[in-house]
Amino acid sequence: MTGTGVGEILVRLDHVSARYDKQIVLDHVDFHVHEDQFTGIVGPSGAGKTTLLRLLLGTLKPVAGTLTTEPDLRVAYVPQLETVDWNFPITVFECVLMSRTQGRRLPWASTTERARVMSVLDRLGIADLSQRHIRELSGGQQQRMFLARALLREPQLLLLDEPTSGVDVSTRHDILHLLGDLHEDGVAIVLTTHDLNGMAAHLPHLVCVNKRIVADGSPAEVITPTVLEETFGARMEVLEHLGMLVVVDGAPEVRSKAM
Amino acid sequence: MDALFEPLSYAFFNKGLIVATLSGALLGFIGVFIVLRGMSYIGHGLSHSIFGGFAASQLFAAQFYMLGAGLWGIASALAITTVARRGRVGADAAIGVITTASFALGVALFAKFGTSGPSFENALFGSILGISVQQIIGLVAVSILAAVFVFLRYRALIFSTFDPDVADVSGVRVARLEAMLMIVLSLAILATLTVIGVTLVAAMLVIPAVIGRMLTDSFGKMLAWSTGIGMFCGFVGMYASYYAGVPSGTMIVLVGAVIFVIVLAITGGRGLRRSAGLDKHHDVAELAPVVTR
């Protein structure tokens, strides 16, 4: 069973298995999301990271086990930027507003809604881009826009699929800080990442996945050569630099051959 | 100038002009959602499927053939959605099987028993002859239904078109909305079939929407452009068909094609960039996630 939190459980997966067609992607996974959780899910491609996120989101049905969600849980999701149709005819403002599906049904925004959207965009530093088409944003701005859309729902649980994929170092830092602030505000956060050094090592709690939960705990507990080899199926070295864990790709003999 | 007003002296032309203009507007309006969802093939398939219902209904209940064809179309749309959602057969394959089988049945019934309504050729390519007041009322009713549906579900429709998975967990009942859109689409195709024709309805769902996309980056403006362009195509195409002496559907589609070329020449690469990706295919199953809560 995994989870940092001691607070109330928002979502729990007990012995859950999931599959696409006939291929099992996750096998008998136990995973609890507490209200004060901030967890990174790491693992190689095809390990079931996004599947785990989709189970938490509720868009994938387990084929075995039980999935329990707190009633009326407000979940928000930030998709992988690569999966978005950037040619869709929509402005930043319209994209953020679309998450307001409850209550008002009229196509246009009310004064209150307009103020709320602009306030969230302002908090994320992209208020001046509100009338731009979504394709005209940089990677970091696109990520912020989806965060804004998620925040407009005032979520209890925020799920992010590879939030730092394809963004530069500075944007990655910004996103980490933003997520830290949101967690401080009481939002439970679960994200997937394959960026061990730039993202995972900075999170308070990690879960290593490869069709099952290989390990979970703090970065110090999880980012070890043994766990990483079991998770990724490859030897990795772990160094410590200025108090931070640094994963070095490949065993020494592999690196020397490459050089 | 007199030549321009001459066709208006014929009652059948006036009815045809009203129906063609309204049909163009309706198909342009609904077409935006169909095109942006990458579902153009569904429009094509449904029109063929409805043709089967058209023929069968005339055979068994001639006075209610429009109702029968409508029910047939809705049943086909829901069957496609259901078969595709079960995951064993893709949406393309489901459309291919269900709608072409329905079309083949229609052709067989026409060949064997003939028809008491529109001729085979008119059903395929559209005609302005024999348009009844009831058909005009039906088209107006479907247009109002489509407008009210989009107005009340505007945000949910945009959300589920852009990002169906997230829409689903954000309170949008994507599967239900999808079914409602399919029903509105079926009714729109049915109501416009007589003037535009089975084989050309799909073109009028796609062409105005694509032109609209080339002209703007805003969803609301695309909806307005597409509706306006569809309306223009219907009006001008109907006039052109009168003078050219060819089926109305063909001229309506050709006017749309000419506008497409003109807009392409004006917008150039910008227009092409905007409309890029409109051919991407969303599986119906993908649009309606497995679990809702």
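Strand β1 of chain A pairs with strand β4 (residues 64-69) of chain A. The two strands are antiparallel and share 5 bridges. One of the paired positions can be picked out by eye: Asp14(A) has Thr66(A) in β4(A) as its bridge partner. Keep in mind throughout that this is a predicted model.

Now look at the other neighbour. β1(A) covers residues 9-20, and strand β2 of chain A covers residues 23-34. They run antiparallel, joined by 8 bridges. Together β1(A) and β2(A) make a hairpin, with 2 residues between the strands. In that turn, Asp21(A) has a positive phi of about 55°. Val16(A) stands opposite Val29(A) in β2(A). Leu13(A) stands opposite Phe31(A), again in β2(A).

Chain A has a second sheet to trace. This one is open as well, with 6 strands in the order β5-β6-β7-β3-β8-β9 and mixed pairing. Which strands lie at its edges? They are β5 (75-78) and β9 (213-217) of chain A, each pairing on one side only. From one strand to the next, the twist averages 15°.

Strand β6 of chain A (residues 157-161) runs parallel to strand β7 of chain A (residues 188-193). The two are joined by 5 bridges. Leu159(A) stands opposite Val190(A) in β7(A). Helix α4 of chain A, residues 139-151, packs on this sheet. Its contacts there are with β5 and β6 of chain A. The direction of α4(A) makes about 170° with that of β5(A).

Step back to the whole of chain A. The chain has 8 helices and 11 strands. Its C-alpha trace spans about 60 × 45 × 35 Å along the principal axes. Does the radius of gyration agree or disagree with that of a compact globule? For 259 residues, such a globule would have a radius near 18 Å; chain A has 19 Å, so the two agree. Buried residues make up 44% of the chain. Among contacts with a separation of 6 or more, 68% join residues 24 or more positions apart.

Next comes the contact between the chains. Chain A gives 25 residues to it and chain B gives 30. On the chain B side, four helices each supply at least two residues: α7 (133-152), α8 (154-162), α9 (164-169) and α12 (219-244). α8(B) provides the largest share, 6 residues. By type, the chain B side divides into 17 nonpolar, 5 polar and 8 charged residues. For the complex, the predictor gives an ipTM of 0.78 and a pTM of 0.80.

Inside chain B, take Val195(B) as a landmark. It is found in helix α10 of chain B, residues 174-196. Is Val195(B) buried or exposed? It has 34 C-beta neighbours inside 10 Å, so it counts as buried. Its C-alpha atom is 17 Å from that of Gly31(B), a residue 164 positions away along the chain.

Finally, check the confidence in chain B. Its mean pLDDT is 81, and 83% of its residues reach 70 or more. Among its elements, α12(B) has the highest mean pLDDT, 93. Helix α14 of chain B, residues 284-287, has the lowest, 38. Over residues 281-293 of chain B, pLDDT stays under 50. The model still has 43 contacts beyond four places in sequence for that stretch. Where pLDDT is low, predicted coordinates should not be read in detail.

Notes:
Residues numbered from 1 in each chain as written. Chains lettered and ligands numbered in written order. Predicted model: local features only at pLDDT ≥ 70, side-chain atom pairs only at ≥ 80, totals over all residues. Pairing = 2+ DSSP bridges. Contact = placed C-beta atoms within 7 Å. Nonpolar A, V, L, I, M, F, W, Y, C, P; charged D, E, K, R; others polar. pLDDT = per-residue confidence, 0-100. Rg over C-alpha atoms; globule rule 2.2 N^0.38 Å. Buried ≥ 20, exposed ≤ 12 C-beta atoms within 10 Å, placed from the backbone. Axes fitted to C-alpha atoms, helices over the stretch in contact; angles between N-to-C directions.
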